[in-house]
Amino acid sequence: QKRASYPTLPVVDAKRELSDREKRRWEKHRSSTLRELRIFLRNCTNRLIADRKFIRFTKPVDEEEAPDYRQVIQTPMDLFIIMDKINSSEYVTPSQWLDDIDLLRRNCLEYNPNRGMGRLLRDRASALQDAAHALVSREMDSDFEELCEELEESRKKMEGKESDEREEDSNLSDIQELEVVESDENDDETEENDGSSRAANEYENDLFHLLLRLVETTSGWGV
């Protein structure tokens with residue numbers, strides 16, 4: 001798992017869009033890196049499973065033996081769950097794998113009392129945690145670990161940029177829709193004003209003709 005050097009990846013910058021070629025190159029190196037990570041983590045997990053001391057942590061807790069386990073432990077964890085997560089590429093950095101190892105130990109300490117068989121299980125969970133951290137520290141190249149972290153950080157930046165662009169497009173669409181609505185309302189108001197103006201003109205014309213008829217009618221009257 002030691003590596004002498006690693007390729008220089010395109011820098012993901014929120015201010016600059018990666019070219020299609022850079023994106024393909026970035027995806028290729030990320031895929032290759034995650035494959036190496038899966039191989040490494042799978043090897044480490046298999047070594048922990050093969051150790052007889054850790055046999056109680058290789059599968060879920062039996063609910064018949066511990067009927068209240070799920071009431072106490074909200075997020076169960078065991079080595080088979082961890083292996084499933086490796087195979088489904090859910091770990092993209094070594095630290096995420098170690099986080100689940102740490103969770104396994106915390107669950108054991110939270111549920112089991114520090115006496116009798118509970119104390120033995122607590123000791124072995126702590127030993128498993130130490131063994132896992134030692135494997136990563138001893139056998140994983142620090143540069144490879146940093147590369148995994150950088151790739152994950154770059155992925156988050158790219159997703160954040162795409163999310164911002166989708167939000168901007170959505171906001172622009174909302175603004176355009178609002179402008180259309182306002183334009184329709186203005187058109188309706190203009191039509192309404194035009195109608196009112198026409199009605200006023202018609203009223204004035206009718207009034208003028210009425211007055212004219214009155215003048216004509218009264219023109220022969222004596223005063």
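Buried residues (those under 20% relative accessible area, with exposed meaning over 50% and partly exposed in between, for a 1.4 Å probe and protein chains only) make up 27% of the 223 residues in the chain. The model is predicted, and local features need pLDDT of at least 70, side-chain atom pairs count only at pLDDT 80 or more, and totals for chains, interfaces and linings use all residues. Residues are numbered from 1 along each chain as its sequence is written, and side-chain values use heavy atoms, with hydrogens and water left out.

**Overall architecture**

- The secondary structure of the chain consists of 6 helices and 0 strands, where helices (H or I, at least four residues) and strands (E, at least two) are DSSP runs numbered from the N terminus.
- In sequence order, the pattern is α-α-α-α-α-α.
- Among the contacts in the chain with a separation of 6 or more, 71% join residues 24 or more positions apart; a contact means heavy atoms within 4.5 Å.
- The chain exposes about 15,400 Å², of which carbon and sulfur atoms supply 48%; accessible areas come from the Shrake-Rupley method with a 1.4 Å probe, and for residues only the protein chains shown count as cover.

- Helix 3 spans residues 79–87, and its buried residues are Leu79, Ile82, Met83, Lys85 and Ile86.
- These residues lie on the same side of helix 3 because they cover an arc of only 160° around the axis, the arc being that of the directions from the helix axis to the C-beta atoms.
- The buried residues of helix 3 pack against helix 1 (20–50), helix 4 and helix 5 (116–139).
- Met83 of helix 3 counts as buried because its relative accessibility is 12%.
- Leaving aside residues up to four places away in sequence, Met83 touches Arg42, Thr45, Asn46 and Ile49.
- Met83 and Asn46 are 37 residues apart along the chain, and their C-alpha atoms are separated by 8.3 Å.
- Ser89 is placed in the loop between helix 3 and helix 4, and this residue has a positive phi of about 60° although it is not a glycine.
- With a relative accessibility of 34%, Ser89 counts as partly exposed.

**Two further buried residues**

- Asn107 belongs to helix 4 and counts as buried, at 5% relative accessibility.
- Not counting residues up to four places away in sequence, Asn107 touches Tyr69, Ile73, Thr75, Pro76 and Met77.
- From C-alpha to C-alpha, Asn107 and Ala125 are 9.3 Å apart in space and 18 residues apart in sequence.
- Leu18 is found in the segment before helix 1 and, at 7% relative accessibility, counts as buried.
- Leu18 and Met158 are 140 residues apart in sequence, with 9.3 Å between them in space, C-alpha to C-alpha.

**The largest pocket**

- On a 1 Å grid over the protein atoms alone, a pocket is an open set of points where a 1.4 Å probe fits, with protein on both sides within 12 Å along at least five of seven lines; lining residues have an atom within 4 Å of a point.
- The largest pocket holds about 540 Å³ of space; grid points are joined across faces, edges and corners, and a volume is the space filled by probe spheres set on the points.
- Helix 2 (69–72) and helix 4 (94–111) are the elements that give two or more residues to the lining of the largest pocket.
- Helix 4 gives the most to this lining, with 4 residues.
- The lining has 21 residues, of which Arg56, Lys59, Pro60, Val61 and Asp62 lie nearest the centre of the pocket.
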